[in-house]
Amino acid sequence: MDDADRVSQNDEIDALASIYGEEWCVIDEGNRIFCITINDDDTKPCWTVKLQVVLPDGYPCRVPPIYQLNAPWLRGPERELIQGKLEQVYLENIGLSIIYLWVEQIRDHLRHKGGSNSGHAYNKQTEETEFPEDLSEEFAVPDEELSPEKGENSVTEESSFHVTLPPIHHGEPIIDRRSVFQAHVATVTSKQQVHLVLQELLKNRKTANATHNIMAYRIYDENKGVFISNCDDDGETHAGGRMLYLFKIIDVKNVMVVVSRWYGGIQLGPDRFKHICNCCRNILEEHGYINSKESEGKKKSKRRKS
């Protein structure tokens, strides 16, 4: 197996095991055979599919995974429909790791089938409030409002007695059906800084009153040679895990992102996860955490293969 493929596969396996926990099962590690149980609902599932995958030589750079869908009720046109969706996901992401995208595509199908297209109930809804017409202006938090003094553009050294708050940057809001999503990013090198950033963000009234403040961070410990990472869904089930998976796949380090979501009264279904991930990726690109040359190279590679 090509070294690049092996590294990508190992990173993907680690990320999937971290996100899905007991739902992720290793069938044959040597032959790269895995299985994940996918439910329409975590608490009271009505529909379940087991997705078994084999990661062959050449995946993800040149060939797709081999997969099998197992469910006693899944047959005929509905099986073909799901297979078509998975094939479309692959064609849109040739050369990239796609198991996570497949899992969530199947989960969205099951939720729609079960009549719970909106996913999970909002566990942390605040009281319904009237939203102004110019939502982007109302909810946008300027960099100057929360960041340290201008001129401080790098994380200062930490001592055992003092941890310095790093600069915090804020992305452009995404607005959909009166729900507002906004990402905040900071360079962090310790869990203490993560806590400082969260505390600073929540000093802002608008941010503190968000329906959800979804967080993920990934820090590289140079002394131990390991990554330290964690996430918080803040009531939006699996949202933090999706952000952390994105961090691992694009291999960013020493960064945390918080995505604030203000619920506008209309359920968005799976679209809310798309907005959360887009907010996260956009702010990482905007502030240089994602290598733009590598991203462009992947896009060119996808165009050549398609």
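Trainee: How many bridges join strand β1 to β2, and do they run parallel or antiparallel?

Mentor: This is a predicted model, in which local features need pLDDT of at least 70, side-chain atom pairs count only at pLDDT 80 or more, and totals for chains, interfaces and linings use all residues. Residues are numbered from 1 along each chain as its sequence is written, and side-chain values use heavy atoms, with hydrogens and water left out. Strands (E, at least two residues) and helices (H or I, at least four) are DSSP runs, numbered from the N terminus. Two strands pair if DSSP finds at least two bridges between them. Here, four bridges join β1 (residues 24-28) to β2 in antiparallel fashion; Trp24, for instance, has Ile36 of β2 as its bridge partner.

Trainee: Which strand do seven bridges join to β2?

Mentor: That strand is β3 (residues 48-54), which runs antiparallel to β2. Cys35 has Gln52 in β3 as its bridge partner.

Trainee: Why is β2 described as largely enclosed?

Mentor: Buried means under 20% relative accessible area, exposed over 50%, and partly exposed in between (1.4 Å probe, protein chains only). Six of the seven residues of β2 (residues 33-39) are buried, so the rest of the structure largely encloses this strand.

Trainee: Which residues does a cis peptide bond join?

Mentor: Tyr59 and Pro60 are joined by such a bond, with omega about 10°.
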